[in-house]
Amino acid sequence: MAYIELNVLNNSASQLALGIDLGTTNSLAAVWRDGRPTVLRPEGKSALIPSVIHFPRDGAPIVGREARDHAVVDPKHTVFSIKRFMGRGLKDVAQELASLPYSATETERGLIQLEIHGKKYTPEELSALILMKVHDVACKALGGLETTNVVITVPAYFDDTQRQATRDAARLAGLDVLRIINEPTAASLAYGLDQRDKGNVVVFDLGGGTFDVTVLSIEDSVFRVLSTAGDTHLGGDDFDQKLASLARADVAAKHGPGIVDDPGFQQAVRMAAEHTKIALTTDPDADFHVHVPELRLNWRRRVTRAEFDALTRDLVERAMDACRRALSDAKLDPKTIDEVVLVGGSSRIPAVRARVAEFFGKTPHTELNPEEVVALGAAVQAHILIGGKRDMLLMDVTPLSLGLETMGGAVSKIIQRNSTIPCEATEGFTTYADNQTGIDFHIVQGERELAVDCRSLGRFKLTGIPPMPAGMARVSVKFHINADGVLTVGAREQSTGATARVEIQPMHGLTDAEVETMLLKSYEHAQEDFDARRVADLRTEIGIMVHATEKNMNAARAGLDKESVLDLEDAMAAAKAAAKAADVKQLQKARDEFERATMPLAALLMNNVASKALRGKSLGEV
Amino acid sequence: MTVCPHCAAELESPAGCPHCKVPLEVPEDASLFDLLGLEHRFAVDVKDLRKRVLKVSRDIHPDFFGTSAPGVRELAEKNSARVNKAFEILSDDAERADWIVRDLGGPDEQEERAMPREFLMEVLDWNEILEEARSRTEALDPRLEPLASELSERRGQAIASIGALLTPMPPRGSPNLVRVRQELNSIRYVDRALAEIEALRLARASVR
């Protein structure tokens with residue numbers, strides 16, 4: 001056994017941090033290496049890991065490509081597009097849930113749970129499984145180097161709850177989140193646009209499930225986000241659905257309406273539609289083929305690109321509406337935009353590219369793989385955050401306004417959308433009744449006028465105000481959004497200097513206690529999973545050893561005495577029997593015993609090899 | 001000009017040192033102008049202001065202090081938030097004037113809310129046009145663009161007269177501050193109407 005020298009100082013794991021794109025459809029990781037960001041891919045394979053989880057009846061969940069293959073055969077136990085449920089309540093995603101083959105419930109605080117094999121999983125737990133897989137693949141691609149430091153990207157339009165859910169998922173996966181950053185902003189970092197002196201950039205990010213558009217200005221190597229807008233329910237899935245509805249209508253007409261509700265059919269249509277959509281990216285027309293042997297269904301039809309464009313025109317225009325809003329917020333005209341960057345697999349759709357080029361009057365950047373560019377940018381930011389790079393800076397904004405519910409149920413805005421973060425704001429409040437010692441606050445996020453139409457981030461009660469006549473107390477409440485986009489609130493009564501206690505009860509989110517419980521649970525499972533793998537590894541190892549012994553024994557039989565042969569045969573039989581055990585310790589013992597029993601054979605073989613190698617050499621040469 | 005307590009270099013902004021590349025403690029009562037090392041006056045060169053903010057941000061942004069001691073990280077957070085707020089206010093003529101009026105003890109929008117009668121009559125006229133424009137669902141009302149130009153021109157005039165009232169900087173309690181507040185109130189009406197026009201433009205620009 002050779003010793004491999006590892007330079008701990010130069011390869012220090014703390015100097016590494018991964019950029020992870022946790023996508024609706026696919027996820028992947030990248031790292032800063034040799035002066036530039038690099039996507040981490042398993043040798044000879046695509047870096048994209050489908051964000052799909054399959055739950056076999058027995059054993060650990062399967063994540064990625066293999067899980068996706070189960071989607072048609074076993075749709076009830078295969079989960080995809082989990083990102084759409086992050087930080088959401090049942091009523092937010094009723095439409096998506098209607099087309100899913102598994103049941104969903106809600107916890108007391110409005111957290112969605114999906115039920116698979118009778119077990120309930122939150123979107124955070126499911127996303128954690130994907131993150132673990134991505135992390136695992138990344139560390140293997142790094143040649144076994146370990147790091148738990150990560151930057152994870154989210155759509156720019158994610159609200160505080162959705163960001164918090166992403167953070168919780170990473171905690172459950174055992175990762176240390178350096179930063180949650182916005183996908184389009186990450187993409188602009190990947191393109192190395194800081195090389196240009198000054199300019200305005202638009203990032204158009206049409207992914208699997210969400211659409212984001214971000215306007216940035218680059219000046220003196222600082223990327224300053226001017227505005228961001230988007231649609232959390234617009235993505236490649238919607239383009240697939242348009243095609244799928246074509247098939248559904250026709251199949252229902254021909255084979256009766258019952259068949260279109262079958263989960264197997266729904267999955268098959270979804271995948272066939274995606275396939276056709278991708279083919280139409282390069283071809284003027286393509287086959288749309290839905291084959292479900294279990295239902296004896298074999299449906300096909302040609303689709304032309306013109307037909308597809310007509311079906312999806314409305315979706316493209318929804319994206320353009322968001323572009324107009326973003327430009328309006330940035331107080332810019334399409335003509336003043338110097339560069340346009342396309343991100344997300346769905347930006348490959350020819351009609352999307354053509355419309356973007358027409359709208360901005362310039363050919364958009366497509367040099368980098370649109371599915372890898374976000375992870376690459378996250379790796380750049382990760383490198384900055386671990387102190388590896390100081391020559392550029394990213395100044396991001398908060399995507400949604402932050403406000404407080406007022407007496408009449410209206411919203412009083414405290415921090416406007418598109419404010420550069422970190423940012424802070426202080427608001428004054430007073431009491432409306434004599435001797436009032438507490439005030440209730442309801443924090444909301446969104447642009448609507450009424451609190452009920454905005455997303456509720458939490459409520460807090462300010463207590464400890466000294467008793468005074470109504471309107472006398474001067475309470476100042478300070479809101480701070482840090483560079484991570486996380487909100488903190490502090491309050492102070494000014495006339496007495498008393499600081500008030502602030503507790504925020506998160507809505508649609510995990511409490512710290514829940515995260516703790518889930519973490520403990522995952523550690524238990526981790527031990528189970530680890531044991532299961534060790535059992536499999538030991539069994540394989542014993543199998544290989546027995547096989548090798550058999551082969552070698554036959555070759556070296558001449559040099560072995562009868563008793564040794566019998567001993568070896570006994571040991572092999574014992575090892576074969578012991579390999580059936582399911583206990584790690586028993587297997588370990590069997591393996592060690594077998595190794596001891598084969599020692600004489602190994603020694604003999606070594607002598608043979610040595611004498612062969614030394615044959616014909618004089619002592620001096622040895 | 002303040003100097004860095006670590007290296008004694010002269011500082012453009014007291015929020016951070018470009019040589020030591022660290023955030024520095026700034027007194028709580030430092031004004032927005034002080035924070036960015038600017039003279040106290042209404043006229044601001046926005047391009048110079050932006051360059052200053054970008055420069056100091058490259059020294060103090062929390063991204064560069066992820067692995068630093070918690071105290072340094074907190075100071076980076078706090079100073080960056082203050083600098084960003086200062087930029088937001090100082091880079092906008094109306095917000096800057098509002099801040100100056102408050103800073104000099106002038107009236108806020110609740111204390112000084114009387115508007116000239118003829119101005120309010122004009123507001124009623126705009127509102128009528130906006131009301132009708134909202135009810136037209138197909139094309140953009142042809143009267144909106146001329147109205148937008150008129151409102152922008154008005155806004156420019158209001159800002160110019162604010163500039164005259166605040167140059168040189170009036171003393172605390174000056175009657176000029178009341179007049180600035182009145183101009184700011186008229187700008188609020190104008191801005192609300194302009195925002196409404198922009199919303200209508202966006203809605204009608206959609207080809208859906």
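Visitor: How many helices and strands does the secondary structure of chain A come to?

Guide: This is a predicted model. In chain A, the secondary structure comes to 14 helices and 30 strands.

Visitor: What share of the 622 residues in chain A is buried?

Guide: Buried residues are 51% of the 622 in chain A. Among contacts in chain A with a separation of 6 or more, 66% come from residues 24 or more positions apart.

Visitor: How does the reach of helix H7 of chain A stand against the span expected at 1.5 Å a residue?

Guide: One sets the end-to-end C-alpha distance beside the expected span. Helix H7 of chain A covers residues 263–282, which is 20 residues, and reaches 30 Å, close to the expected 28 Å. Helix H3 of chain A (residues 123–141) has 19 residues and reaches 27 Å, close to the expected 27 Å. Just after H3(A), A:Gly143 takes a positive phi of about 70°.

Visitor: What is found at the start of H7(A)?

Guide: There, a side-chain oxygen of A:Asp262 comes to within 2.8 Å of the backbone nitrogen of A:Gly264.

Visitor: Which elements do the buried residues of H7(A) pack against?

Guide: The buried residues of H7(A) include A:Gly264, A:Phe265, A:Ala273 and A:Lys277. The packing partners of the buried residues are helices H1 (65–73), H6 (236–255), H8 (305–329) and H9 (350–360), together with strands S16 (285–292) and S17 (297–304), of chain A.

Visitor: Is A:Asp240 buried or exposed, and which residues does it touch beyond those up to four places away in sequence?

Guide: A:Asp240 lies in helix H6 of chain A. A:Asp240 counts as buried because its relative accessible area is 5%, under the 20% cut-off. Leaving out residues up to four places away in sequence, A:Asp240 touches A:Ala273, A:Glu274 and A:Lys277.

Visitor: How many disulfides does a search of the whole structure find?

Guide: The search finds zero disulfides over all chains. B:Cys4 is in no disulfide, and the nearest cysteine sulfur, that of B:Cys17, is 3.6 Å away; a disulfide would require the sulfur atoms to be within 2.5 Å. B:Cys4 is buried, with a relative accessible area of 2%.

Visitor: Where is A:Pro422 found, and what kind of peptide bond joins A:Ile421 and A:Pro422?

Guide: A:Pro422 is in the loop between strands S23 (419–420) and S24 (423–429) of chain A. The bond joining A:Ile421 and A:Pro422 is cis, with omega about 0°. In chain B, a cis peptide bond joins B:Thr167 and B:Pro168, with omega about -10°; B:Pro168 lies in the loop between helices H6 (144–165) and H7 (175–205) of chain B.

Visitor: Into which domains is chain B divided?

Guide: Chain B is divided into domain 1 (16–91) and domain 2 (117–205). Taken over C-alpha atoms, the centres of these two domains are 32 Å apart.

Technical notes. Residues are numbered from 1 along each chain as its sequence is written. Chains are lettered from A and ligands numbered from 1 in the order in which they are written. This is a predicted model: local features need pLDDT of at least 70, side-chain atom pairs count only at pLDDT 80 or more; totals for chains, interfaces and linings use all residues. Side-chain values use heavy atoms; hydrogens and water are left out. Helices (H or I, at least four residues) and strands (E, at least two) are DSSP runs, numbered from the N terminus. The expected span of a helix is 1.5 Å times one less than its number of residues. Buried means under 20% relative accessible area, exposed over 50%, partly exposed in between (1.4 Å probe, protein chains only). Contact means heavy atoms within 4.5 Å. A polar contact is a pair of N or O atoms within 3.5 Å; within protein, one must be able to donate a hydrogen and the other to accept it, and residues adjacent in sequence count only if both atoms are side-chain atoms. Domain bounds come from an automatic or database domain assignment.
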